[in-house]
Amino acid sequence: METETATRWLTDTEQCAWRTHLEVNRLLTHQLEKDLQPFGLTMNDYEILVNLSESEGDRMRMSDLAAATMQSKSRLSHQITRMENADLVRRENCESDRRGLYAVLTPHGLETMRRVAPHHVASVRRHFIDLLAPEALTELDKALRPIAEHLRGQRGRT
């Protein structure tokens, strides 16, 4: 027998915090994307370049990169094709697994990353970091960490 539970509606304080979070997330993402446009990059492009530049040998298996960027393998494949056409990355076969592929940062991709990163960091500072006191950043990290851990644990579950 099923028991119906009452919906726990958000309080005014909870609703306000939730809506502010959504608005900040949308506005900040839009602004950071806008600030990457002069370099011909999207946030997805930049995230891929960061992941590759921080990986050993500037390469990642496509399946690992899809997981790291939270994209489907199909969507990532299309993204990598666009980035290959811009000579930012290339695909290489995986010698240990014939079905596996690597995404590899090209010299042009690495140079692009080095050129764009200072501008992106300045944008993150201008639109986020520098608007908060150091104590507020510490508290924000402390408040968001359990949520991130919970959601990471939910990945892959149906």
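Helix 1 (12-36) and helix 6 (134-154) each supply at least two residues to the lining of the largest pocket. Helices here are DSSP runs of H or I with at least four residues, strands are runs of E with at least two, and both are numbered from the N terminus. The model is predicted, so local features need pLDDT of at least 70 and side-chain atom pairs count only at pLDDT 80 or more, while totals for chains, interfaces and linings use all residues. Residues are numbered from 1 along each chain as its sequence is written, and side-chain values use heavy atoms, with hydrogens and water left out.

The largest pocket has a volume of about 980 Å³. Its lining holds 20 residues, and the closest to the pocket centre are His-21, Asn-25, Leu-140, Leu-144 and Ile-147. A pocket is an open set of points on a 1 Å grid over the protein atoms alone, where a 1.4 Å probe fits, with protein on both sides within 12 Å along at least five of seven lines; lining residues have an atom within 4 Å of a point. Grid points are joined across faces, edges and corners, and the volume is the space filled by probe spheres set on the points. By class, the lining of the largest pocket has 14 nonpolar, 4 polar and 2 charged residues. Nonpolar covers Ala, Val, Leu, Ile, Met, Phe, Trp, Tyr, Cys and Pro; charged covers Asp, Glu, Lys and Arg; the others, Gly among them, count as polar.

The second largest pocket has a volume of about 200 Å³. Helix 3 (62-69), helix 4 (73-85) and strand 3 (97-105) each give two or more residues to the lining of this pocket. Strand 3 gives the most, with 4 residues. The lining of the second largest pocket includes Arg-61, Met-62, Lys-73, Leu-76, Arg-91, Asp-97 and Arg-99. By class, this lining has 4 nonpolar, 3 polar and 5 charged residues.

Helix 4 has 13 residues. From its first C-alpha to its last, helix 4 reaches 18 Å, close to the 18 Å expected at 1.5 Å a residue. The expected span is 1.5 Å times one less than the number of residues. Leu-76, Gln-79, Ile-80 and Met-83 are buried in helix 4. They lie on the same side of helix 4 because they cover an arc of only 100° around the axis. The arc is that of the directions from the helix axis to the C-beta atoms. His-78 and Asn-85 are exposed on the other side of helix 4. Buried means under 20% relative accessible area, exposed means over 50%, and partly exposed lies in between (1.4 Å probe, protein chains only).

Two loop residues have positive phi values. Met-70 lies in the loop between helix 3 and helix 4. Its phi is near 55°, a positive value in a residue other than glycine. Met-70 counts as exposed, at 62% relative accessibility. Asp-87 lies in the loop between helix 4 and strand 2 (89-94). Asp-87 is not a glycine either, yet has a positive phi of about 60°. At 42% relative accessibility, Asp-87 counts as partly exposed.

A search of the whole structure finds 6 salt bridges. A salt bridge is a side-chain nitrogen of Lys or Arg within 4 Å of a carboxyl oxygen of Asp or Glu. Glu-84 pairs with Arg-91, with the closest N and O atoms 3.1 Å apart. Glu-84 is partly exposed at 27% relative accessibility, and Arg-91 is partly exposed at 25%. Arg-91 also belongs to the lining of the second largest pocket. Asp-130 forms a salt bridge with Arg-125, the closest N and O atoms being 3.2 Å apart. Arg-125 is partly exposed, at 41% relative accessibility.

Another salt bridge joins Asp-141 and Arg-145, at 2.8 Å from N to O. Both residues lie in helix 6, 4 residues apart, about one turn of the helix. An α-helix has 3.6 residues a turn, so residues three or four places apart point the same way. Asp-141 is partly exposed, with a relative accessible area of 38%. Arg-145 is partly exposed at 43%.

Salt bridges also link Arg-59, Arg-90 and Glu-92 in a network. Arg-59 is 45 residues from Val-104 in sequence, but their C-alpha atoms are 4.3 Å apart in space. Val-104 is found in strand 3. At 2% relative accessibility, Val-104 counts as buried.
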